[in-house]
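Please read each point with the model in view.

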Amino acid sequence: MEFWQNIYSQFDPVAFNIASVSVHWYGIMYAFALLSAIYVAKWFINYDKINIKQDIFDSYIWWAEIGVILGARIGYVLFYDTHTMYYLTHPWQIFNPFIDGTYVGISGMSYHGAFIGFLIASLLFCKKNKVSFWFITDIAVLGISFGYIFGRFGNFFNQELIGRVSDVPWAIYVDGALRHPSQIYEAILEGLLIFLILIYFRNRKKFDGQLAIIYALAYSIARIVAEFFRQPDTQLGFLYGKWLTMGMLISFCVMVATIIILFVMKKRVS
C-alpha cells in the first residue's frame with residue numbers, strides 16, 4: 001500500500017525521448033484509447049454480424065476521430081480555459097504545440113467538447129453518405145466506452161485531474177496531500193461500467209439510437225458522481241457552494257437533453 005500511496009514520486013510521466021521531443025505516457029494512453037475504440041467497434045460488427053460495409057465504417061472512423069480531436073481541444077478552450085477570448089481572436093494558437101520555439105505539446109482537452117465534436121462529425125458523415133446517424137452511433141459508443149478507460153489512465157499517468165483530499169486507505173499522495181485517485185474512479189465508472197451496460201443492452205435494444213442514448217445518459221450520471229471525488233479545475237474552482245463544478249453542470253445539461261430525446265424517440269417507435 002505504501003508503494004501505491006507514493007506512486008507519483010516513483011513514476012515518470014515521460015515514457016521515452018526522441019531527440020528533444022518527450023513522449024509522455026499520456027499520449028501513449030490516448031493512442032491506445034483511439035486504437036482500442038476502433039478495434040472493439042469492428043469486433044462487435046463482425047461478432048454481431050452488423051449490416052454495414054467495411055469501407056463505410058473505415059471512412060466514418062476518420063471523420064469521428066477528427067471530430068473528437070477538434071472538439072476536445074476547442075471544447076476545453078470554450079468551457080475551461082481562462083484565455084478563451086485570446087484563442088477566439090488567435091484561433092491558429094489553439095493547436096500550436098510550440099511556445100517561443102520550444103515544443104511543449106498541446107494540453108487541455110475536454111471530454112464534453114470531444115462528445116460534441118463526435119456528434120457533429122457523425123451528423124455530417126451520415127448526411128454525406130446517406131447513413132443512419134442513430135444506427136452508426138450505436139456501434140461507435142461500444143468502442144468509445146472501452147477506449148475511454150485508457151484515456152482516464154492517461155490522465156492518471158500524467159498526474160492531472162487529481163482527486164479531492166481524502167483519508168481512504170487507497171488514497172495517493174499528490175503534492176504532499178493524500179487524495180482520491182479520481183482518474184481511476186472515472187476509468188471504472190465512466191468507462192468499464194458503461195461498456196458492460198452497453199454490452200448487455202446491445203442485443204436487447206428496441207430501436208436504433210437506444211445504445212447511444214443509454215451511453216450519453218449513463219455517462220452523464222457517472223460523471224456527476226465522479227465529480228464529487230475529483231478536485232475542480234484550479235482556474236475555475238467551484239461554480240456554486242462547495243459542490244457544483246463545470247463538469248457537473250455540463251453533464252446535467254447533457255442528461256436533460258438526452259432524456260428529452262429518449263422520450264421523443266420512444267414516442268415515435270411506439
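1. A residue counts as buried when its relative accessible area is under 20%. Arg230 reaches 5% relative accessibility and is therefore classed as buried. The model under discussion is a predicted one.

2. Arg230 has a salt-bridge partner in Glu227, with 3.7 Å between the closest N and O atoms. Glu227 is likewise buried, because its relative accessibility is 3%. Through shared partners, salt bridges connect Arg152, Glu186, Glu190, Arg223, Glu227 and Arg230 in one network.

3. The count of salt bridges comes to ten. One of them joins the side chains of Asp138 and Lys205, at 2.6 Å from N to O. This pair connects distant parts of the chain: Asp138 belongs to helix H6, while Lys205 sits in the loop between H7 and H8, and the two are 67 residues apart.

4. Lys205, at 28% relative accessibility, is partly exposed.

5. Lys205 also forms a salt bridge with Asp208, where the closest N and O atoms lie 3.3 Å apart. Asp208 is classed as partly exposed because its relative accessibility is 35%.

6. Attention may next be given to Gln183, a residue of helix H7, which spans residues 182–201. Its relative accessible area is 1%, so Gln183 is buried. Which side chain makes a polar contact with the side chain of Gln183? The partner is Tyr8, at 3.2 Å. Leaving aside residues up to four places away in sequence, Gln183 touches Tyr8, Arg152, Asn155, Phe156, Glu160, Leu161 and Ile162.

7. The final topic is empty space. Rolling a probe the size of a water molecule over the atoms shows where such space is left. The second largest pocket has a volume of about 380 Å³. Its lining comprises 20 residues, of which Phe115, Leu119, Ala216, Thr258 and Ile261 are the closest to the centre of the pocket.

8. Which helices each supply at least two residues of the lining of the second largest pocket? They are helix H5 (111–129), helix H6 (133–157), helix H8 (210–227) and helix H9 (246–269). By residue type, the lining of this pocket consists of 17 nonpolar and three polar residues, with no charged ones.

Terms used
Residues are numbered from 1 along each chain as its sequence is written. This is a predicted model: local features need pLDDT of at least 70, side-chain atom pairs count only at pLDDT 80 or more; totals for chains, interfaces and linings use all residues. Side-chain values use heavy atoms; hydrogens and water are left out. Helices (H or I, at least four residues) and strands (E, at least two) are DSSP runs, numbered from the N terminus. Buried means under 20% relative accessible area, exposed over 50%, partly exposed in between (1.4 Å probe, protein chains only). A polar contact is a pair of N or O atoms within 3.5 Å; within protein, one must be able to donate a hydrogen and the other to accept it, and residues adjacent in sequence count only if both atoms are side-chain atoms. Contact means heavy atoms within 4.5 Å. On a 1 Å grid over the protein atoms alone, a cavity is a set of points where a 1.4 Å probe fits but cannot get out, and a pocket is an open set with protein on both sides within 12 Å along at least five of seven lines; lining residues have an atom within 4 Å of a point. Grid points are joined across faces, edges and corners, and a volume is the space filled by probe spheres set on the points. Ala, Val, Leu, Ile, Met, Phe, Trp, Tyr, Cys and Pro count as nonpolar, Asp, Glu, Lys and Arg as charged, and the others, Gly among them, as polar. A salt bridge is a side-chain nitrogen of Lys or Arg within 4 Å of a carboxyl oxygen of Asp or Glu.
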